[in-house]
Structure formats: structure tokens, C-alpha cells
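Here is a short report on one structure. Keep the sequence and the 3D view open as you read.

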Amino acid sequence: MNIQSLLRENIKTLKPYSTARDEFKGTAEVYLDANENPFPSAYNRYPDPLQKKVKQRISELKGIEPEKIFLGNGSDEPIDLIIRAFCEPGKDSILITEPTYGMYAVCAGINNVAVKRVTLDSTFDLDVDAVKQALDSPVKVIFLCSPNNPSGNLLSKEKIINLITTGNSIVVVDEAYIDFAKDEGFLPVLAKYPNLIVLQTFSKAWGLAGLRLGMAFASEEIISVLNKIKYPYNLNILTQQVALEKLSTADEKNKQVDIILQERSILTEQLQALPMVERVYPTDANFVLVRMKDARNIYDQLIERSIIVRDRSTVVLCADCLRITVGTPEENKKLIETLKTL
Ligand SMILES: *Cc1c(COP(=O)(O)O)cnc(C)c1O
């Protein structure tokens, strides 16, 4: 597949901003090149624009070369950059499979890029034929979310590969919740598919939503385009430092994930036993989608009792559904005890 031919013309020819740190890459004694305040503090210098130390650690952890890694201000940044790199406003479109994460359509809307919507099947898996029928030449990017938000399930791997290998689009697989799934996801096959972009984040399993750090993995060709159009210093020094520290505590993250998975099965069982619960959908993520009698009313009553869940009842295929994040053992117990009183 020819990635260059999918890119917007102005992006292909764009000359990126060149930072002082791009022009001189060695180390020196005296830096008078960036108009910084010279008096030393932890933050007086600009951060590394390409976050080389953080990428090196992520590379070791994930087995992906640093040149195939992009880091952004949350995964929301690469979602926006991918749309801006490939979709000509007012002309090209993206395709999403609903119900799904809301940011794909919002970023497209901000960029005046049309959104084609194909509904998932009744098991929240891909309807490959329906997607293929909706594909036409203006569809530059397909966004798939696996495990899917808000349904929680992994999409079928064969179906995703089918979409990657047919058609002529970039396929983004958003794996924000992959650490909670018994599945290795798409990083092991990244090198096979030049049009594949995998998104992951530090916001969920890593417990760093407040840090705003997201990852995109793709061919060097695609990553170099994202690097060319990002803000030069998109990740500040603090984020890079904390990420480096946290990356050496993967054990702690894994332990927390184990507890969350245990709690997920307890919560599922207990929810299923409640009279108002009609269905707890199978999940590969750190949340469950639950269909209930009169979900909106239950949502309101939970708020009155100071428990906030996510009302998804107006979303396609999610009538009367609430999305509930797996909390600490105490929080989950409180939720169940409260639901029992309603
Ligand atoms: C939470 C979530 C993200 C994470 O976004 P960040 O900007 O990295 O916090 C990405 N995709 C999906 C589907 C999510 O649910």
C-alpha cells in the first residue's frame, strides 16, 4: 500500500518547524540557542522534542523500535493528528463502527472531516460486509476500538485483519484497554501491515490519566509524518520524567490490573444477581456495560447517593445501558449495596 498517496498534499510538502534542539543534537557546555532563561532550575530548558529516553524504555517494554513510536498529550493527540495528516477537510472522511469512543467523531468534526458510521453487530463485533460497503475513496482512516468502549469486548482479530488487508485506508486500532484483555493485541504484527496504527495510553491500566500521555505505534513512515505535524514540544519535562519513573514500576501496574480483573468478575456476578439487571455484557476491559430496567432512573438515583456511573442509554445498541468502571473492592461493594436498596 502506498501511504504517501493517502496523505494530504499540503502535509506531504510541509516544511516542519525546526527547533533549536533539532538543529544541534550533541551536548555542549554553553547553550545560547533557544532564548531560555540561563539560571538553572528543573524547568528552565525546553524538553526533548522527540522524547528519546521515554521512547527507549517503551521500546524495551513493548518490543517496538523507537522510530515506530509516537508520544502525545493523551491518545487524543494522535487521534487528531492522524485525521489532520490524511483527511482533506470538506472532502475526505473517516469511518467509525458504533457504538464507540466519542473522540474520533469529535476530532473529525473539528477538522470538518465527514464521519461514516457503521453499526456493530448485536454482539458488538464488526460487520465486515457493512464496513466494506461503506468504504469508498474519500474514506482515508478507519477507527476501530478493541477492546471497544463502551461495550468492553475485543473485536474479532480476523475481521480487523480483513479490513486492514482489503481496501485502501489507514486502519487505527485503539487499544486503550488492552492491558485488561487476555490478548496481546496488534503490536506483535505491526511490522506486517504498513497501513496499521495502534494506539495505547497511560491513562487506564497505568493509572496516569492525569499525566496525559498516549502512544501511537506504526511504520516509521507514518510516525515521521505525525512527528512532522505535532507541536514541537508537545510533551513537557514533568510528563517525560514521571513517565520514565513509572515505566520501571510495571510490576505495580500488573498487580493492580490483577486486582481489577478479580474485582471485575466478582462485580459481574453480583450485578447479574440483582433484580433490575437484565444483562451484564462480556468484557475485556476495566468496565462493564450493564443493561437494566429503567437505566436512566437508576443512574439518577445513584447520583443522589453519590455514586457516578456513565449513562450510555441514548447510544446506538446501548438502550437502557450503564457503563460501570471497576473500582476498588470497597467502591464496588458500596455500589452493589446501594443498588440492592433501590
Ligand atoms: C480512555 C480512552 C482513551 C484514552 O485517551 P487519553 O487521551 O490517552 O487519556 C483512548 N481511547 C479510548 C477508547 C478510551 O476509552
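## The ligand and its polar contacts

Start with Arg212. An N or O atom in its side chain lies 2.6 Å from an oxygen atom of the ligand. Keep in mind that this is a predicted model.

A polar side-chain atom of Tyr177 is 2.6 Å from an oxygen atom of the ligand. For Lys204, an N or O atom of the side chain sits 3.3 Å from a ligand oxygen. How much of the ligand does the protein bury? Alone, the ligand exposes 390 Å², and the protein buries 94% of that.

## The shell around the ligand

Now look at the surroundings. The ligand is surrounded by 14 residues. Tyr177, Thr201, Ser203, Lys204 and Arg212 are the closest.

What classes of residue make up this shell? It has 5 nonpolar, 5 polar and 4 charged residues.

## Two packed helices

Next, turn to a pair of helices. Two numbers describe such a pair: the angle between the axes and the distance between them. Helix 11 spans residues 250-272, and helix 13 spans residues 329-341. They pack at an angle of about 5°, with axes 11 Å apart. Angles under 35 degrees count as roughly parallel, so helix 11 and helix 13 are roughly parallel to each other.

Which residues meet here? Helix 11 brings Glu263, Leu267, Gln270 and Leu271. Helix 13 brings Pro329, Asn332, Leu335, Ile336 and Leu339. By class, this contact of helix 11 with helix 13 has 6 nonpolar, 2 polar and 1 charged residues.

Terms used:
Residues numbered from 1 in each chain as written. Predicted model: local features only at pLDDT ≥ 70, side-chain atom pairs only at ≥ 80, totals over all residues. Heavy atoms only, no water. Axes fitted to C-alpha atoms, helices over the stretch in contact; angles between N-to-C directions. Helix = DSSP H or I, 4+ residues; strand = E, 2+ residues; numbered from the N terminus. Parallel < 35°, antiparallel > 145°, perpendicular 65-115°, else oblique. Contact = heavy atoms within 4.5 Å. Nonpolar A, V, L, I, M, F, W, Y, C, P; charged D, E, K, R; others polar. Near = heavy atom within 4 Å. Polar contact = N/O pair within 3.5 Å; in protein donor to acceptor, adjacent residues only side chain to side chain. Areas by Shrake-Rupley, 256 points an atom, 1.4 Å probe, with all protein chains shown as cover.
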